[in-house]
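Reader: I am new to charged side chains. Please take me through the pairs here.

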Amino acid sequence: MGLELYLDLLSQPCRAVYIFAKKNGIPFELRPVELLKGQHLSDAFAQVNPLKKVPVLKDGDFTLTESLWVLVAKSLKTDPSWQHGASAWR
């Protein structure tokens with residue numbers, strides 16, 4: 001299975017991850033999570049992210065649950081040279 005993104009596009013952090021993936025041509029499978037219906041609070045979603053928050057990126061057995069790190073991970077996978085700018089964050 002490829003990259004999976006668990007998102008609700010009503011959420012600004014989710015939209016940022018979604019737009020970044022689309023703009024950079026990163027292939028992914030969208031797994032919609034409707035926050036207004038409380039889908040993120042379900043036991044099924046807790047198996048994806050025990051913190052019950054979106055966005056979530058799953059790549060095989062690897063899972064990221066914070067939007068900033070989802071963007072960083074996707075950036076590095078697309079263009080490893082992007083990490084050179086990371087020194088500004090240190």
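Reader: With which residue does Glu 4 form a salt bridge?
Author: This is a predicted model: local features need pLDDT of at least 70, side-chain atom pairs count only at pLDDT 80 or more, and totals for chains, interfaces and linings use all residues. Residues are numbered from 1 along each chain as its sequence is written, and side-chain values use heavy atoms, with hydrogens and water left out. A salt bridge puts a side-chain nitrogen of Lys or Arg within 4 Å of a carboxyl oxygen of Asp or Glu. With closest N and O atoms 2.8 Å apart, the partner of Glu 4 is Arg 31.

Reader: How many residues apart in sequence are the parts that this pair ties together?
Author: Glu 4 lies in strand β1 (residues 3-7) and Arg 31 in strand β2 (residues 29-32). Strands are DSSP runs (E, at least two residues), numbered from the N terminus. So the pair ties together parts whose separation in sequence is 27 residues.

Reader: Is Glu 4 buried or exposed?
Author: Buried means under 20% relative accessible area, exposed over 50%, and partly exposed in between (1.4 Å probe, protein chains only). Glu 4 has a relative accessible area of 7%. That makes Glu 4 buried.

Reader: Which residues are linked with Glu 4 in a network of salt bridges?
Author: Arg 31 also meets Glu 29 in a salt bridge, at 3.2 Å from N to O. The network joins Glu 4 with Glu 29 and Arg 31.

Reader: Which residue forms a salt bridge with Glu 34?
Author: Glu 34 is partly exposed at 36%. The closest N and O atoms are 3.5 Å apart, and the partner is Lys 37.

Conventions:
Helix = DSSP H or I, 4+ residues; strand = E, 2+ residues; numbered from the N terminus.
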